[in-house]
Amino acid sequence: MSMSLSMVMEGETRIIRGVKGQEEMKRHLQDLGFIRGEKVRVVGENAGGMILMVKGVKVALNRGLAHRIMVEDQEVER
């Protein structure tokens, strides 16, 4: 079962299962490293968004974009 990345808590790591939305936005997120099968870790968060680690790079996303990224709801091994 999958869930939105915006629901993942700080310090947790998940596996990306897909991105919802228009093709242009999907491509943009994929260019940032949000690709099916990749691990993503929430390293920080604030009221405006989330700081994520994907493919060894820190990326800041607002919660609206994070909501469109679907991840596996079981935490992966660290």
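Gly-37 is found in the loop between helix H1 (23–31) and S3. Helices (H or I, at least four residues) and strands (E, at least two) are DSSP runs, numbered from the N terminus. The model is a predicted one: local features need pLDDT of at least 70, side-chain atom pairs count only at pLDDT 80 or more, and totals for chains, interfaces and linings use all residues. Residue numbers start from 1 along each chain as its sequence is written, and side-chain values use heavy atoms, with hydrogens and water left out.

Gly-37 has a relative accessibility of 42% and so counts as partly exposed. Beyond its neighbours within four places in sequence, Gly-37 is in contact with Ile-15, Ile-16 and Arg-17. Contact here means heavy atoms within 4.5 Å. His-67 is 30 residues from Gly-37 in sequence, and the two C-alpha atoms are 17 Å apart in space.

The chain as a whole holds two helices and six strands. From the N terminus on, the order of elements is β-β-α-β-β-β-α-β. The radius of gyration is 11 Å, close to the 12 Å that the globule rule gives for 78 residues, so the chain is as compact as a globular protein of that length. That radius is taken over C-alpha atoms, and the globule rule is 2.2 Å times the number of residues to the power 0.38. Along the principal axes, the C-alpha trace spans about 30 × 25 × 20 Å.

Of the 78 residues, 40% count as buried. The chain exposes about 4800 Å², and carbon and sulfur atoms supply 50% of this area. Accessible areas come from the Shrake-Rupley method with a 1.4 Å probe; for residues, only the protein chains shown count as cover. Among contacts between residues at least 6 apart in sequence, 59% join residues at least 24 apart. The chain carries 13 positive and 11 negative side chains. The centres of the two sets lie 2 Å apart. Lys and Arg count as positive and Asp and Glu as negative, while His and the chain ends are not counted. The place of a charge is taken as NZ of Lys, CZ of Arg, CG of Asp or CD of Glu.

Strand pairing was assigned next. Two strands pair if DSSP finds at least two bridges between them. S1 and strand S6 (residues 69–72) run antiparallel and are joined by three bridges. In this pair, Ser-4 stands opposite Met-70 in S6. S6 also pairs with S2, in the antiparallel sense and over three bridges. Here the bridge partner of Ile-16 is Val-71, and that of Gly-18 is Met-70. S2 is also joined to S3 by three bridges, and these two strands run antiparallel. Ile-15 stands opposite Lys-39 in S3. Six of the seven residues of S2 are buried, so this strand is largely enclosed by the rest of the structure.

S3 and S4 pair in the antiparallel sense over five bridges. A hairpin of three residues joins S3 to S4. Within the pair, Gly-44 stands opposite Ile-51 in S4. Val-43 is found in strand S3 (residues 39–45). With a relative accessible area of 31%, Val-43 is partly exposed. Leaving aside its neighbours within four places in sequence, Val-43 is in contact with Glu-10, Ile-51, Leu-52, Met-53 and Lys-58. Glu-72 is 29 residues from Val-43 in sequence and 17 Å from it in space, C-alpha to C-alpha.

Two further loops were examined. Glu-12 has its place in the loop between strand S1 (2–4) and strand S2 (13–19). At 18% relative accessibility, Glu-12 counts as buried. Glu-12 and Glu-24 are 12 residues apart along the chain, and their C-alpha atoms are separated by 28 Å. Lys-55 lies in the loop between strand S4 (49–54) and strand S5 (57–62). Phi of Lys-55 is near 55 degrees, a positive value in a residue other than glycine.

Note on methods. Buried means under 20% relative accessible area, exposed over 50%, partly exposed in between (1.4 Å probe, protein chains only).
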